[in-house]
Amino acid sequence: MGIFSLITGKAGASGFGSASTAEQVTDGVDASRLTVIITGGASGIGLETSRVFALRGAHVIIAARNTEAASEARKTIMEKNPTARIDVLKLDLSSLKSVRTFVDQFNSMKLPLNVLINNAGVMFCPFQLSKDGVEMQFATNHLGHFLLTNLLLDNMKATAKSMGIEGRIVNLSSVAHAHTYPKGIDFDIINDEKRYNDKMAYGQSKLANLLHANELSRRLKEEGANITVNCVHPGLIMTNLMRHSFVLLKIIQVATFILWKNVHQGAATTCYVGLNPQLRGVTGKYFADCNEEKTSKLAKSDELAKQLWDFSEELIKSAQ
């Protein structure tokens, strides 16, 4: 979209731009037949995404590590929208066991699944390993979502077929996907504390979100499944995601205040890609400010995407 469009909020080809809100991009959409899972749907742009999907009539499942906060979020939404259909389930994406437990609990509810919003994440955190022995940003931002998506796919395929409604999967990536290690995904040193760089590791995990979406999109198209998979960059928004680098990012925000969005604008691209009928049949794409955007060269690599898929499957197997 370019800096000019970002600053001015000028609409792109979609009719929307950086100043558009989540409500505006879903205006007139009837989502009353849809069930959506939103990871990290209790705070920041995840909360706004939950609110707007519920406002459009969808049955929202907030998947959150902190179920107490998620229940408060549910209460807040329902105070202004008493007819909202919202359930809360516990999900810690840094734990593969928690991912499996979440899917078992969701399946026990006997619900269809039309939309999956892989929104949750961590950013710039100090080096630490997950319960499964994987670097935390890679584990939470990519690996947990990779397993979650794979475990929910059968439900989504069956739902799309029985209801005749296109399923949609949205991965939240970032412009930071272009600022990663030289190889893109440094498979050999994922867990190497000495080589760890919190900014590069974040970029690596965001590149993984894009590569995952592209490879899954390719596989689903090959199968003929009625499910699209796309990625979004929400923009610069000061949320709890940035707690590990709050001071640094606050300084950057002051210096670049004109580029930052509020949460209503920050959730717009997610809601646009997840709900807007303009995107019917569109898959394997990357969006920013509600318009298709270019990615880095590494994000376009089919070979790297396949390598990441195989690597992720092996990590999951080794953790069992």
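Modeller: Buried means under 20% relative accessible area, exposed over 50%, and partly exposed is in between (1.4 Å probe, protein chains only). This is a predicted model, where local features need pLDDT of at least 70, side-chain atom pairs count only at pLDDT 80 or more, and totals for chains, interfaces and linings use all residues. Residues are numbered from 1 along each chain as its sequence is written, and side-chain values use heavy atoms, with hydrogens and water left out.

Biologist: Okay, is Cys271 buried or exposed?

Modeller: The relative accessibility of Cys271 is 0%. The cut-off for that class is under 20%. So Cys271 counts as buried.

Biologist: And which cysteine has the sulfur nearest to that of Cys271?

Modeller: A disulfide is a pair of cysteine sulfur atoms within 2.5 Å, and the structure holds zero of them. Cys271 is in none; at 8.8 Å away, its nearest cysteine sulfur is that of Cys290.

Biologist: How about Cys290, buried or exposed?

Modeller: Cys290 is in no disulfide either, and its nearest cysteine sulfur is that of Cys271. With a relative accessible area of 0%, Cys290 is buried.

Biologist: Now the holes. What is the volume of the largest cavity?

Modeller: A cavity is a set of points, on a 1 Å grid over the protein atoms alone, where a 1.4 Å probe fits but cannot get out. Points are joined across faces, edges and corners, and a volume is the space filled by probe spheres set on them. The whole structure has two cavities of 30 Å³ or more, and the volume of the largest is about 50 Å³.

Biologist: How many charged residues are in its lining?

Modeller: Lining residues have an atom within 4 Å of a point; here they include Glu135, Asp186, Asp192 and Arg195. Asp, Glu, Lys and Arg count as charged. Beside five nonpolar and one polar, the charged ones number four.

Biologist: Which helix gives the largest share of the second largest cavity's lining?

Modeller: That cavity has a volume of about 30 Å³. Helices are DSSP runs (H or I, at least four residues) and strands are too (E, at least two), numbered from the N terminus. Three lining residues, the largest share, come from helix α6.

Biologist: Last one: which strands stand at the edges of the sheet?

Modeller: Strands pair if DSSP finds at least two bridges between them. Eight strands form an open, mixed sheet in the order β3-β2-β1-β4-β5-β6-β7-β8. Each edge strand has a single partner, so one side is left without a neighbour in the sheet; the two are β3 and β8.

How values were computed. 1 Å grid on protein atoms, 1.4 Å probe; cavity = no way out; pocket = protein on both sides within 12 Å on 5 of 7 lines; lining within 4 Å.
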